[in-house]
Amino acid sequence: MRPSRRSSECRATEPLATERGSASLEFLTVGIILLVPLVYLVLAVAAVQAGALGIEGAARQAARVAVLAADQQASDAAVDRAVRIALADYGLDAGAASVTVNCDSVDCLEPEARVTVRVTARVELPLVPEFISLSAIGSVPVEASATQTVSRFADVRP
């Protein structure tokens, strides 16, 4: 009787012996399947955040220089230069950005006039081929605006 009992015990443990080490394989497979998209998500969010910071900085700096200019032509040149430099600092293409300057009065440089600069651009997602990044699915639109007030002493010359 005892020998038959031993054989049944061995048969009960045989299926467990064939699955030995499969837990680590399953962990690696599921880990890689979950880890790769998670890493890409972190890279994509970082790229969009960097783009948003660059666009916001460009709008803020452009608004600052717009209210300090001597005339409208100098203001437009200063805004364009400030946006190009700020976007280049963040590695963004300044040629693809659009800039609009709005004023709450007829003359943008009159004292206490409020000047609003809006900068819009598209941030390309990482690891996306160039032909896809030109479309809406390969990039994320980012927009920022900044408002500055012209000093009330702007017309006063010493």
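The model is predicted: local features need pLDDT of at least 70, side-chain atom pairs count only at pLDDT 80 or more, and totals for chains, interfaces and linings use all residues. Residues are numbered from 1 along each chain as its sequence is written, and side-chain values use heavy atoms, with hydrogens and water left out. The protein chain holds four helices and three strands. Their order along the sequence is α-α-α-β-β-α-β.

**Overall picture**

- Helices (H or I, at least four residues) and strands (E, at least two) are DSSP runs, numbered from the N terminus.
- The protein chain has 158 residues, and 23% of them count as buried. Buried means under 20% relative accessible area, exposed over 50%, and partly exposed in between (1.4 Å probe, protein chains only).
- The chain exposes about 11200 Å², and carbon and sulfur atoms supply 60% of that area. Accessible areas come from the Shrake-Rupley method with a 1.4 Å probe; for residues, only the protein chains shown count as cover.
- Take contacts between residues at least 6 apart in sequence: 58% of them join residues at least 24 apart. Contact means heavy atoms within 4.5 Å.

**The nonpolar core**

- A nonpolar core is a set of buried Ala, Val, Leu, Ile, Met, Phe, Trp, Tyr and Cys residues joined through side-chain atoms within 4.5 Å.
- The largest one has 24 residues; Ile-55, Val-83, Leu-87, Val-115, Val-117 and Val-119 touch the most other members.
- Helix H2 (22–68), helix H3 (72–89), strand S2 (114–124) and strand S3 (139–149) each supply at least two residues of this core. H2 gives the most, with seven residues.
- Beyond its neighbours within four places in sequence, Val-83 is in contact with Ala-58, Ala-62, Val-99 and Val-119.
- In soluble globular proteins, nonpolar side chains tend to be buried together.

**Helix H2**

- H2 has 47 residues and spans 69 Å from its first C-alpha to its last. That is close to the 69 Å expected at 1.5 Å a residue. The expected span is 1.5 Å times one less than the number of residues.
- Its buried residues include Ala-44, Gly-51, Gly-54 and Ile-55. The buried residues of H2 pack against H3, S2 and S3.

**The strands**

- Strand S1 (residues 98–103) and S2 run antiparallel, joined by six bridges. Two strands pair if DSSP finds at least two bridges between them. Here Thr-100 stands opposite Arg-118 in S2.
- S2 also pairs with S3, in the antiparallel sense, over eleven bridges. Thr-120 stands opposite Glu-143 in S3.
- S2 has two faces. Val-115, Val-117, Val-119, Ala-121 and Val-123 make up the covered one. Arg-114, Thr-116, Arg-118, Thr-120, Arg-122 and Glu-124 make up the uncovered one.
- In a regular strand the side chains alternate between the two faces of the sheet.

**Two buried serines**

- Ser-139 is found in strand S3. With a relative accessible area of 5%, Ser-139 is buried.
- The side chain of Ser-139 makes a polar contact with the side chain of Arg-122 (2.8 Å). A polar contact is a pair of N or O atoms within 3.5 Å; within protein, one must be able to donate a hydrogen and the other to accept it, and residues adjacent in sequence count only if both atoms are side-chain atoms.
- Ser-75 is found in helix H3. Ser-75 counts as buried, at 4% relative accessibility.
- Leaving aside its neighbours within four places in sequence, Ser-75 is in contact with Ala-66 and Ala-69.
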